[in-house]
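Reader: Please show me the structure. After that I would like to go through it one question at a time.

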Amino acid sequence: MLKFFKRHPPKEGEERERLKKELFKFQRCVEHGFPTKPSAMAYDSKLQLLAIGTKSGVIRVFGTPGYEVSATHEGDVSVTSIFFIPEEGRLITACSDSALHLWEINNKDGSCTLEEKRMDSGEALKVKSMSTCSMSSDFSSLFVGTESGNVHVIDVKTLTETHVITMDVIIQNVPEDFKVNPGAVEATASNPVNSDKVLIGFNRGLIVLWNTKDGAAEATFNATQQLEYLTWSRNGEEFISAHNDGSYITWEVKNSTDPKEPAMTPYGPFPCKAVNKLLWKMTKNEPMVVFSGGMPRASYGDRHTVSIMQGGDNHVVADLTSRVVDFLIISRADEKDAIETDRDDPRALVILAEEELVVLDLESEGWPAICLPYLNSVHSSAITCAQHISNVPESLWQKITDAGENQNKNFSKAEWPINGGRNLSSAPVTKDLLLTGHEDGTVRFWDASTSSLRLMYKLSTCPVFGIRDTTLDAQSPDEEEWPPFRKVGTFDPFSDDPRLAIQKLALCALSETMVAAGSAGQVLIFNMERQEREQDLKEVKVNVMADHEGFVWKGHEALTCKIDGLKYAAGFQPTCIMQLNPPAACTALALHSEWQLVAAGTGQGFALLDYAQKKEVATRCTLNPNDLTGTSDSAMSRRKSLKKSLRESFRRLRRRRSEKRPKEEKPKKDAEKAEPGNIEETPAAAGTSEEGAAASASPAPADTPAAGGSGDCKPEERQVEARSAEDSLASMVRSLYFADTFIVNGASHSPSLWVGTNGGHIFVYNLQVPPSDKRTSDYVACLLAKEIRLKHHAPVLSMAVVDCKNNVLPDAFEVINERAKAADMDGQHSIIICSEEQLKAFSLPALKPRWKNKITAIDGARLRKIQFVNFRRDSDNYNEFDIGCLTNTGELRVYSVSTLRRQLSSSALRKEDINGIASFVFTKEGQGFYLQSPSEFSRVTLSTSATLATPKCELELAEGLRPPPPQPEEPEPAVEAPAVEVTPASETGSQEQEQEGAGEADVSATSADDSRMDQSAMSADITVDSVRDVIAENDGTIITSVRTITQTTTSTVTEASATATQDAQEAVTVTNGVKEDAEDTVTDVLRETQHEVTTRTSEFVTRTSEKTVHTGEEVIKQLSEMKMTTAVIEDPSLLKQKVLDSSLTTTTTTTNADGEVTTTTTTTTNGTE
């Protein structure tokens, strides 16, 4: 009978449903980082926009910081080439399926969109066996070379093929010595002075200067080596050909027999790799040659390089750690307001590599790199963890900015050259940081306040362990080394020591304290300093397994600290390090800067450190005493015999089976007691040890309805098998939480530490922190107060204490700095424990269950990431705390803190995207970051609040530059398409009667207009083709507007009847040689037809109002029948045939006996005489 008295959270009414829509909404914001697997790049020198295409078919266009637009090709294709049409905001992409696509950048709804412009044929133009592409110098044509040796000339305005230059025609126009099979078209290059002339280079070295206007070859050049690339000089009189043996040749147009200079191999004479691309630019001093590849095969064949040569002295080989995809040069002579000269005046070199983008300043001495405001390689070292910090104080923000600028002294001071478009976003109100921990032991600070993710500062933990951080060294070429390599870029996939990897991060922005925990049990505490100084670093060694003398660690050793004689640059400087033993990876971390305490957990236990006194406070081993992994007495120790191991395995298997049988045999009335959601509370009595504390079982908590459900029926629960408590992973510490709440009794509150493990075990410690005046002298006391054991043994992912107003307790220093309101200490507090399988609230200090939401038992999903979020409403100051969750199926959910009911559920990630789910990090405002690829963060939000994370930008184009859309030859009157909406049946019924009455009144009326209608409104609005246009492609259904169909049909009957009468009367004039007055007959036929149309319309309205979703076949069939009926009114010839069939006149001539002739005329109308 007690189950009828169970309490349930209050049901959610209409007011709450309305509030949900005002608070929660899933939206995708932007992608941060570097596009994964880039394959092509282009630059618009007039609009100053950069476009990057990828192997997954994605196009991303960048301009000034904050300007970004992207689109994706349909189908599984990769982008092979991109070409801008300057000043028009258009670009052309060539894809791996040999198709060409035309894209437009348009301004819509306060931002920019990249839309594909469909051609008249509706299909993309495809050129079979495409091998190379290039744009003409006047940007009017695209030259597409093929494997068969042909060159297709494409008009860029319409993306249509104008003509084809076949290989046979080219060979016919060359001297006899060159009439051999030249191979595929390897490169094409249009003359920069005369766009009618184009160089066509073939694979085997034949180069032909072709005149597209005359259709003939003007000159022929023959190189002995395989061709790779062609490039012109600015004057159009010379060009360079690059070859696969690492050489390049300079030719003059006037002299086709011999090159101007012999072949030059910069890194010869030994065999070299191919020169893949080469650019030739004119400067005020000497010409500049930039090329990729060409390295000696034996010595540096594995290097990824771009060489810059100018004269004899200036020579740098940019050495990258990933393959060079493409590069281009930004020249001042090509910019919008440039003055015509004979020079290119190169400004910057943009190198697109597989894993990063590098921009070099070609106007400064030494050609230094330029800092990237976006497109940073976030995965320069593999990302191992991330943390978001909201509302950073201005003082700390400025210190981080200054420290970052001090690290960038070797970078160029030039402004960012790619600054097209306009950023419409306002300045951020708050400053937000995204911290990323990396495999090489570094922590990177990113500006996440806007839609652009900018690197601000990098902190390395390597110097603490005596390892040099080479990434901050000056990047200058070695004078004695040849070739003169210089390391450029930040991508470095190699790590000196895997133990350096950062596993957990915590930052208190108000106290300027940061904690970083690594893979070898190292926990470092940093403080922000403005000046370079030598810190007294103290190492505190903590043995988590102190109570287990027989434990033997078989993993890696701890890192060796270098404490003395180290100076640290301005920024975050280490003050203390806690080294956990055994040196296992850190799995949980918590910082409370107001109490100056740090807690860290591993797979074996946890430790509490007082970093004010740099002293250990408490430790605890969470391993099962019967299963100490890694000891000599372990069940799977190598010292044990195989026989004993097998015996213990079978015993464990029999034990599990025996545990299942009693559960199945229990009657229904005892099923409630066996729920996996039960807890065991173990208060630690004074004077007793932790192991000897008595356990008392609490009663089974009440079941809550399914999250988000408002009905009375209880959802069906699936059987969730309890996890084994003997699992060796159950000892792993998964969550740590500091809270000032009621632990011992309801009268006084005190600091506390909550520890949750992977096996559903929760330890609650009561802390005694000395006051500030005695903080450095008195010790911090830590005493175990309570223990909670979840019977389903699910990992405890997160915990939070809420007050009686359902507000989560504020973080350290937030109340003092007026960042948050103080917690209500007069009412009752509750602790919300979030495990993988359920959410559960307990009252404090009695730990009495309040509400519960069994997630896994209801829908089978398991929680992976949890964050307590403060959602705000833009219209007023209303805000509330809720629980943001990510499940193992990639679903983002929001649960209420007060009732634990589900508020929002949206699919965000694919369930197969394991890395994305594992890397997800929530913000306190309801946003989220996750790695959609190793190099890209995807940003989403669950809040309706306005955010600067979504790009708001526009592109200004000069008038008349973009060609207007082609106009049709015979313009037709614009007819409004049927509205796509859902009309309720009740509303349709009332309108149906009004429209029927209006239709009948209009049928009897006639018009004096004698003009003939070329096309009725109905035939233009409602046709089979128009219905197909609005049928959804995914599910084959259509949502129709009954109101629109009814109004259009009735108006058609009225208008057509008035204009078709005279046409029919003129057509039906003489029958059997006798002239008849057909006016009455035509009127009768029209009325009959109109009545039929009205009847069919009424039937159609009735059928469509019964349901709002109809299949496309149903609607097409019904509209076809209506069209056949109205066709009689629209077409006079059909009306004539119907009149003839309806009105038949028969003349009979009879001669009687007297010789009199009698003529009888019989008229049959509608079957009557």
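Author: A salt bridge is a side-chain nitrogen of Lys or Arg within 4 Å of a carboxyl oxygen of Asp or Glu. The model is predicted, so local features need pLDDT of at least 70 and side-chain atom pairs count only at pLDDT 80 or more, while totals for chains, interfaces and linings use all residues. Residues are numbered from 1 along each chain as its sequence is written, and side-chain values use heavy atoms, leaving out hydrogens and water.

Reader: How many residues apart are Glu335 and Arg347?

Author: These two residues form a salt bridge, with the closest N and O atoms 2.9 Å apart. Strands are DSSP runs of E of at least two residues, helices are runs of H or I of at least four, and both are numbered from the N terminus. Glu335 is in the loop between β26 (324-331) and β27 (346-353), Arg347 is in strand β27, and the separation is 12 residues.

Reader: Is Arg347 buried or exposed?

Author: Buried means under 20% relative accessible area, exposed means over 50%, and partly exposed lies in between (1.4 Å probe, protein chains only). Glu335 has 14% relative accessibility and so counts as buried. Arg347 has 8%, so the word for Arg347 is also buried.

Reader: How many residues apart are Glu88 and Lys157?

Author: Glu88 and Lys157 form a salt bridge, their closest N and O atoms being 2.4 Å apart. Glu88 is in the loop between β6 (79-85) and β7 (90-95), and Lys157 is in the loop between β13 (151-155) and β14 (160-165), so this pair links distant parts of the chain, separated by 69 residues.

Reader: Which residues are joined with Asp859 into one network?

Author: Arg902 and Asp859 meet in a salt bridge (3.1 Å, N to O). Arg902 lies in strand β59 and Asp859 in helix α6 (residues 855-859), so the pair ties together parts that are 43 residues apart in sequence. Through salt bridges that share partners, Asp859 is joined into one network with Glu891, Arg893 and Arg902.

Reader: What is the relative accessibility of Trp482?

Author: Tyr267 has 2% relative accessibility and so counts as buried. Trp482 counts as exposed, because its relative accessibility is 51%.

Reader: How many residues apart in sequence are the parts tied together by Phe445 and Phe572?

Author: Phe445 and Phe572 form a stacked pair, 5.4 Å centre to centre with 15° between the planes. Phe445 lies in strand β32 (residues 442-447) and Phe572 in strand β41 (residues 571-581), so the separation in sequence is 127 residues.

Reader: What is the distance from the charged end of Lys615 to the ring centre of Tyr779?

Author: A charge sits over a ring if NZ of Lys or CZ of Arg is within 6 Å of the ring centre and within 35 degrees of the ring normal. Arg303 lies over the face of Phe485, 4.3 Å from the ring centre. The charged end of Lys615 sits over the ring of Tyr779, and its distance from the centre is 3.0 Å.

Reader: Where is Pro269?

Author: Most residues other than glycine have a negative phi, and most peptide bonds are trans. The peptide bond from Gly268 to Pro269 is cis, with omega near 5°. The place of Pro269 is in the loop between β21 and β22.

Reader: What is the relative accessible area of Leu900?

Author: Leu900 is not a glycine, yet its phi is positive, near 65°. It is in the loop between β58 (891-896) and β59 (902-907). Leu900 is buried, with a relative accessible area of 1%.

Notes. Rings of Phe, Tyr and Trp (its six-membered ring) pair if their centres lie within 6.5 Å; planes under 30 degrees apart count as stacked, over 60 as edge-to-face and the rest as tilted.
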